[in-house]
Amino acid sequence: MARRYDPDRRQRIIDAAITVVGERGIAGLSHRAVAAAADVPLGSTTYHFASLDDLLVAALRQSNVVCLDDFARWVDGIDPEAPLAEEVARLVEDTLTGDRRRMELEYELYLAALRHEAVRPIAAECLDEMVRLLGQRIGDLRTARTVVALTDGLVLQHLLTGQPFDPEAVRAGLAGVLG
């Protein structure tokens, strides 16, 4: 039997892994689940990704591209005349009023780095790139790292608690931290 030419198979497998994680969480990720979601033979997933960590790395890399594109757009749109706390509050608000499922997926993949050592460098690369982008814009890498950490914490806390976003409280808190 001739081999079927399928140049997009690897990408379909990555997309399917992202779908599986979005629907079932990291615990639901398996070669079998991804093969079914991608509509490919099970052997294709293990051919392209020898381990689930390899698949997680590919999924996180792809997710990071979208995340970093959004972050870069925000950085480009920072009003240099506005207080940084105001701009960060706007980022958090925009993030929280966006696609919640996408944010949950991004954090699911991001937090997978806690248990999957192979994924840690990919998560760290994303954070470092965010710091670099913001640091270039505001001229201070330390403040940029603090802003990235604060933003992560604020978004994650709101996703976990479901509490309504209070932009004034966030602005005031950020102003106290950032000066």
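**Aromatic pairs and a helix contact**

Tyrosine 107 and tyrosine 110 lie three residues apart in helix α6 (residues 100–111), so about one helical turn separates them. Helices here are DSSP runs (H or I, at least four residues), numbered from the N terminus. The model is predicted: local features need pLDDT of at least 70, side-chain atom pairs count only at pLDDT 80 or more, and totals for chains, interfaces and linings use all residues. Residues are numbered from 1 along each chain as its sequence is written, and side-chain values use heavy atoms, leaving out hydrogens and water.

A search of the whole structure finds two aromatic pairs (ring centres within 6.5 Å; the six-membered ring for Trp). Tyrosine 107 and tyrosine 110 form an edge-to-face pair, 5.8 Å centre to centre with 70 degrees between the planes.

Burial can be read off too. Tyrosine 107 is buried (under 20% relative accessible area), at 8%. Phenylalanine 71 and tryptophan 74 are both buried.

Now the helix contact. The axes of α4 (residues 52–76) and α7 (residues 120–138), lines fitted to C-alpha atoms over the stretch in contact, come within 10 Å and cross at roughly 10 degrees. That makes α4 roughly parallel to α7 (under 35 degrees). Among the residues making the contact (heavy atoms within 4.5 Å) are Phe71 and Trp74 of α4 and Met130 and Leu133 of α7.

Terms used: Axes are lines fitted to C-alpha atoms, for helices over the stretch in contact, and angles run from 0 to 180 degrees between N-to-C directions. Helices (H or I, at least four residues) and strands (E, at least two) are DSSP runs, numbered from the N terminus. Angles under 35 degrees count as roughly parallel, over 145 as roughly antiparallel, 65 to 115 as roughly perpendicular and the rest as oblique. Rings of Phe, Tyr and Trp (its six-membered ring) pair if their centres lie within 6.5 Å; planes under 30 degrees apart count as stacked, over 60 as edge-to-face and the rest as tilted. Buried means under 20% relative accessible area, exposed over 50%, partly exposed in between (1.4 Å probe, protein chains only).
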